[in-house]
Amino acid sequence: NPGYQFVNWTGPVGNPSRAATTVTMNGPETITANFAALTAVTVNTSPTGLTFSVDGIQYTSAQTFNWLVGSSHTITAQTQGGGAGTFYEFTKWSDNTVFPIDTITVPATATTYSASFTTRYVLTITASPVAGGTVSGGGSADAGTLFPVTATANFGYQFMNWTGPVTDPTSASTTVLMSG
């Protein structure tokens, strides 16, 4: 029936692990079909639409599985790229497992496991003209953080300003709000 799964037969049957089997009738026999309740387990990501794997099969949107209570399954989520200059760094599973591979034991009640990711952006900085000085602070940072950058003028040059989304374009040492 819906919500249950056949487990096995008990009694003198030809193949106890197959739902369709045979019984040799040498006299009165009693056999029992054993069923187990299934539990709905949903696996998803935050933010939505990122990839994860369940028992080695990859998915890109929330999936609901009906599994036997007490059975074990492996859920996996890895850091992954987004659009140009964006990537999503795996943080943890909703059961607080910080490893990207989590082996779960199916509980008796419906549950959801969500892989959390931190959105990170890549910051590219350059000096113009290149001979005019050096810049430091490029790399990647979490979305919404202030990322420090510094410009140092070479001999014979003077720092003028930054172009781009900096908090103080006239200061050689400033920050960039990582919003993209």
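Predicted model: local features only at pLDDT ≥ 70, side-chain atom pairs only at ≥ 80, totals over all residues.

Me: Ok, which element gives the largest share of the lining of the largest pocket?
Reply: β13, with 4 residues. A pocket here is an open set of points on a 1 Å grid over the protein atoms alone, where a 1.4 Å probe fits, with protein on both sides within 12 Å along at least five of seven lines; lining residues have an atom within 4 Å of a point.

Me: How many residues line the largest pocket, and which lie nearest its centre?
Reply: There are 31, and T126, A127, N161, W162 and T163 lie nearest the centre. Elements giving two or more residues to that lining are β10 (111-123), β11 (133-136), β13 (146-153) and β14 (173-177).

Me: Switching topic, how many salt bridges?
Reply: The count is 1, taking a side-chain nitrogen of Lys or Arg within 4 Å of a carboxyl oxygen of Asp or Glu. The side chains are those of D142 and R120, at 2.5 Å, N to O. The pair links distant parts of the chain, with D142 in strand β12 and R120 in strand β10, 22 residues apart.

Me: Is R120 buried or exposed?
Reply: Buried, because its relative accessible area is 15% and the cut-off for buried is under 20% (exposed is over 50%, partly exposed in between, 1.4 Å probe, protein chains only). D142 is partly exposed, at 28%.

Me: And what is G138 in contact with?
Reply: L123, I125 and F147, leaving aside neighbours within four places in sequence; contact means heavy atoms within 4.5 Å. G138 sits in the loop between β11 and β12 (139-142).

Me: Last one: which residues touch the most other members of the largest nonpolar core?
Reply: V41, V43, V54, W67, I75, W93 and F117, out of 18 residues. Such a core is a set of buried Ala, Val, Leu, Ile, Met, Phe, Trp, Tyr and Cys residues joined through side-chain atoms within 4.5 Å. A second, separate core of 11 residues includes L123, F147, V166 and V176.

Technical notes: Residues numbered from 1 in each chain as written. Heavy atoms only, no water.
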